[in-house]
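Hello,

I am passing on the structure we talked about, and below it you will find some notes on what came out of it. Please read them with the structure open beside you.

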Amino acid sequence: MTKTTLNATGINPQVLLSRAHEVILPSPNGHTPPPVPTPNGGLRVGVDLGTAYTVLVVLDERGTPLAGEYRFTQIVRDGLVVDYLGAVDLLREMRSSVERRLGRKLTHAASGYPPGVPLAEVRGTANVVEAAGMHCPHLVAEPTAANNVLGIQDGVIVDIGGGTTGIAVLQDGQVVHTADEATGGTHMSLVIAGGADISFEAAEAQKQDPAEQTRLFPIIRPVMEKMGTIVNKHIQGFEAQSITLVGGTSLFPDIDTVIQEVTGLPTRVAPHPLFVTPVGIAMHDQAV
Ligand SMILES: Nc1ncnc2c1ncn2[C@@H]1O[C@H](COP(=O)(O)OP(=O)(O)OP(=O)(O)O)[C@@H](O)[C@H]1O
Ligand SMILES: [Mg+2]
């Protein structure tokens, strides 16, 4: 069993993530959340520059999500910012849009980095946030951020994003081992695109279409098995008892079953897995 305690906010992870899902735009069903009353207190802001999505999320000082945005982007590869100007422009736009919704300026934000990226390169992410007009003194490792939300005491968090599969082993609530390897949702889309001779964008859309996912499952199953093998390799020597999946790729139905088959460990998908790491990054920001 995954042992959990209260997370950094004291708010139940399910409640916290459902709230994030409601206020971060665009919502999958096109619904617009009600306008937010302008908050008075301090704000905590998080920026997650990912391989596939850039997410900006704002919490109140207690940690309740107030507003946010996510955009499909290709500005980061292997934890490195490969399109600096594009990233800055995009983040500026996202910042303005969230500021309009909140009626408040965003002057600071925390940012995250994948485990294993050299510190000099990690600063590249902070530089993007600074160039987009937000002071960025706090950087947090992504698995630590995810566990700010989930509050797992003993277990393994596996973050399956666009570009990579990240692993964090937790013991007594602390991250004791991390790893990050290049296999993620992008690789699934490449397999779909190659097999059907369609564009990457068309493959991405099919992969996320619930009407197509049953047909695609056997085609991309080997990629999921590879992710399971990566997890197995990195949890050797630890007494791992269970796995919690986060990251957008864990939204693909039954990926948890494949990871469970390969690792032999009980595996579950976190609620609203796309937003776990971004919300946890925001929790790391100081409320100002
Ligand atoms: N409903 C869905 N079904 C399947 N895959 C999905 C779904 N929604 C998003 N994805 C996939 O999730 C991935 C993005 O997840 P996430 O935002 O966690 O990654 P990232 O942080 O940008 O990447 P990384 O952590 O590797 O830098 C993309 O590959 C996207 O296709
Ligand atoms: Mg990510």
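To begin with the overall layout, the C-alpha centres of domain 1 and domain 2 lie 22 Å apart, and please keep in mind that this is a predicted model. Domain 1 is made of two stretches, 12-140 and 275-283, while domain 2 covers 145-274.

Where the two domains meet, 25 residues of domain 1 and 27 residues of domain 2 take part in the contact. On the side of domain 1 that touches domain 2, helix 1 (13-23) and helix 9 (276-283) each supply at least two residues, and helix 1 gives the most, with seven residues. If you sort the residues on that side of domain 1 by class, you will find 14 nonpolar, nine polar and two charged.

The other part to look at is ligand 1, which has 21 residues around it, the closest being Gly50, Thr51, Gly161, Gly185 and Gly248. Two elements give two or more residues to this shell, namely helix 5 (185-196) and helix 6 (200-208), and helix 6 accounts for the largest share, three residues.

Which domains does the shell around ligand 1 draw on? At least three of its residues come from domain 1, and at least three come from domain 2. By class, the shell around ligand 1 holds 13 polar residues, six nonpolar ones and two charged ones.

Best wishes

Conventions. Residues are numbered from 1 along each chain as its sequence is written. Chains are lettered from A and ligands numbered from 1 in the order in which they are written. This is a predicted model: local features need pLDDT of at least 70, side-chain atom pairs count only at pLDDT 80 or more; totals for chains, interfaces and linings use all residues. A residue is near a molecule or strand if its C-beta atom, placed from the backbone, lies within 6 Å of it. Helices (H or I, at least four residues) and strands (E, at least two) are DSSP runs, numbered from the N terminus. Ala, Val, Leu, Ile, Met, Phe, Trp, Tyr, Cys and Pro count as nonpolar, Asp, Glu, Lys and Arg as charged, and the others, Gly among them, as polar. Domain bounds come from an automatic or database domain assignment. Two residues are in contact if their C-beta atoms, placed from the backbone, lie within 7 Å.
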